[in-house]
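Please look over the model shown here.

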Amino acid sequence: MVDTTITRPLANYHSSVWGDYFLSYTPQLTEISSQEKLELEELKEKVRQMLVEIPNNSTQKLVLIDTIQRLGVAYHFENEIKTSIHNIFDGSKQNKNEDNDDDLCVVALRFRLVRRQRHYMSSDVFKKFTSDDGKFKETLTKDVPGLLSLYEAAHLRVHGEEILEEALTFTITHLKSMGPKLDNSLKAQVSEALIQPIHTNVPRVVARKYIPIYETIESHDDLLLKFAKLDFHILQKMHQSELSDLTRWWKDFYHENKYPYARDKLVECYFWAMGVYFGPQYGNARRTITKLLVIITITDDLYDAYATYDELVPYTDAVERCDISAMDSISPYMRPLYQVFLDCFDEMEKELTKDGKTDYVYYAKIEINKWIRSYLKEAEWLRDDIIPKCEEYMKNATLTVAVQLLLITCLTVADKFISNETFEWMINESLIAPATLLINRLKDDIIGHEHEQQREHGPSFIECYMKEYGASKQEAYVEAQRQIANAWKDINTDYLHATQVPTFVLEPALNLSRLVNILQEDDFTDSRNFLKDTITLLFVGSVNSTSCG
């Protein structure tokens, strides 16, 4: 099957962290009882009443909306929250909230909630908290909730908002210095915020970590806490059931170890899919996205860590043709992967055709071709020992990261109507798509750089930048982080100004940026530490435990 005389750049990936673990979640264990469903509905109605009855111009309303969002249950009340924030925004323009305008915590919270709901509120609202020299007043350093609220708000900044750049520096400096002196509840909030602010964090992770923190806040609402815990528990059962089914699919797919060169990342791929769409209505979308991610991961490893260039040329052509007749043109050991690719694409095409969405297939096919050609270009650079200039590298490398393909697939399987004009806008005109690609590419290069350079591997942005500008490794890292920070401002800009585009179209791109943004000491490749802990928190551990994880 495989020519053993060929020297291959094997990556020596670690074995699966999870193996068959999720097969233990049988239908009996993951069944949601009628009692749980009934209790959830009853609690939901009580929370809805709280949300409707509290006046819009009150601080209490802002705090309730923020709490609902942090606890991960806002998806139940989208219309109520949208209406409330719209009224709060209108009220702020008519100065109906003047009673709280000297409270930094309230002003920053209102600013963040309003911007998150895609209304443009000027950052000038913070000018009153600055001195004549434009610096924030030193008296604010004693206001920890205010600093924390301003810190969170600053992450919704767009280009040119110097006051929010200053706010970020000011708040980080003071929150870091006062951390050890705070009481437990506030200390936990500050610590989590400095690790990952709400806006750039994965919503399920925010919810899972905030539930135990909220429980320690003296003023917490027992009913809201009970609702959040039950809702998380029910969704967790749903996710466990899906993971069990997908593990079974993966065992069939992976049997007889057909892909010894590839990373075994089924559970991590599901975490990615759940990070894009976590709600109960998105089960089919999560399954499709997970399968696609598995195929992308194995294909990436095929090009990156196993196949020769001469084997990759016909394989690239076969993927572009997307036709069973191309099977004979590729190496025998590649055929099982190609078959799975064809099956996955056929399955998606059938579903979309059944739903009258054949146009969507066209966009997915374009992205598949761009993605697979970018891998071959990378293989060419490695073969010819080329380190391209940064611009040329990024043009190709933002495709090899496969996020554009993933993004378009997320939109095609979302079970909502999207016009051809919206697809064209997302691919050709948006700021959010290229920003998401850049964040994923550069974050991946920063984290994976050391690991990848231990073997024969194509250049990353770090090598390209060092060579082109005669820079040190540290200078290359700083430049990558600068570009990532600017890309987040592009995402925020589209959220505020691309008002013709529905929010559900923008959300997958935002969530794909959040997913890669939370990766820390390890990346998707080495998932034995941070990712393992995060997956355990979301899919294994009970939300009723008191640990903050």
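## Aromatic groups

One aromatic cluster is made up of Y303, Y315, Y338, F341, F345, W371 and Y375. The model is predicted. A search of the whole structure gives 25 aromatic pairs.

| Pair | Centre to centre | Angle between planes | Type |
|---|---|---|---|
| F136 and F170 | 5.5 Å | 25° | stacked |
| Y277 and Y282 | 4.4 Å | 15° | stacked |

F136 sits in the loop between α5 (104-116) and α6 (144-154), and F170 sits in helix α7 (residues 162-178), so their pair ties together parts that are 34 residues apart in sequence. F136 is buried, at 3% relative accessibility. F170 is buried too, with a relative accessible area of 7%. Y277 and Y282 are both buried.

Two arginines lie over tyrosine rings. R70 is over the face of Y210, 5.2 Å from the ring centre. R383 places its charged end over the ring of Y309, at 4.1 Å from the centre.

## Cysteines

How many disulfides does the structure hold? The count is 0. A disulfide is a covalent bond between the sulfur atoms of two cysteines. C410 is in no disulfide, and the nearest cysteine sulfur, that of C344, is 12 Å away. C410 has a relative accessible area of 0%, so this residue counts as buried.

C464 is also in no disulfide; its nearest cysteine sulfur belongs to C390, 5.7 Å away. The cut-off for a disulfide is 2.5 Å between the sulfur atoms. C464 is buried, with a relative accessible area of 1%.

I439 belongs to helix α19 (residues 432-452). Is I439 buried or exposed? Its relative accessibility is 0%, so I439 counts as buried. Beyond its neighbours within four places in sequence, I439 contacts I484, A487, W488, I491, S513 and V516. I484 is 45 residues from I439 along the chain, yet their C-alpha atoms are separated by 5.3 Å.

A498 is in the loop between α21 (473-497) and α22 (503-517). A498 and W425 are 73 residues apart in sequence, and 10.0 Å apart from C-alpha to C-alpha.

Definitions and conventions. Residues are numbered from 1 along each chain as its sequence is written. This is a predicted model: local features need pLDDT of at least 70, side-chain atom pairs count only at pLDDT 80 or more; totals for chains, interfaces and linings use all residues. Side-chain values use heavy atoms; hydrogens and water are left out. Helices (H or I, at least four residues) and strands (E, at least two) are DSSP runs, numbered from the N terminus. Buried means under 20% relative accessible area, exposed over 50%, partly exposed in between (1.4 Å probe, protein chains only). Contact means heavy atoms within 4.5 Å. Rings of Phe, Tyr and Trp (its six-membered ring) pair if their centres lie within 6.5 Å; planes under 30 degrees apart count as stacked, over 60 as edge-to-face and the rest as tilted. A charge sits over a ring if NZ of Lys or CZ of Arg is within 6 Å of the ring centre and within 35 degrees of the ring normal.
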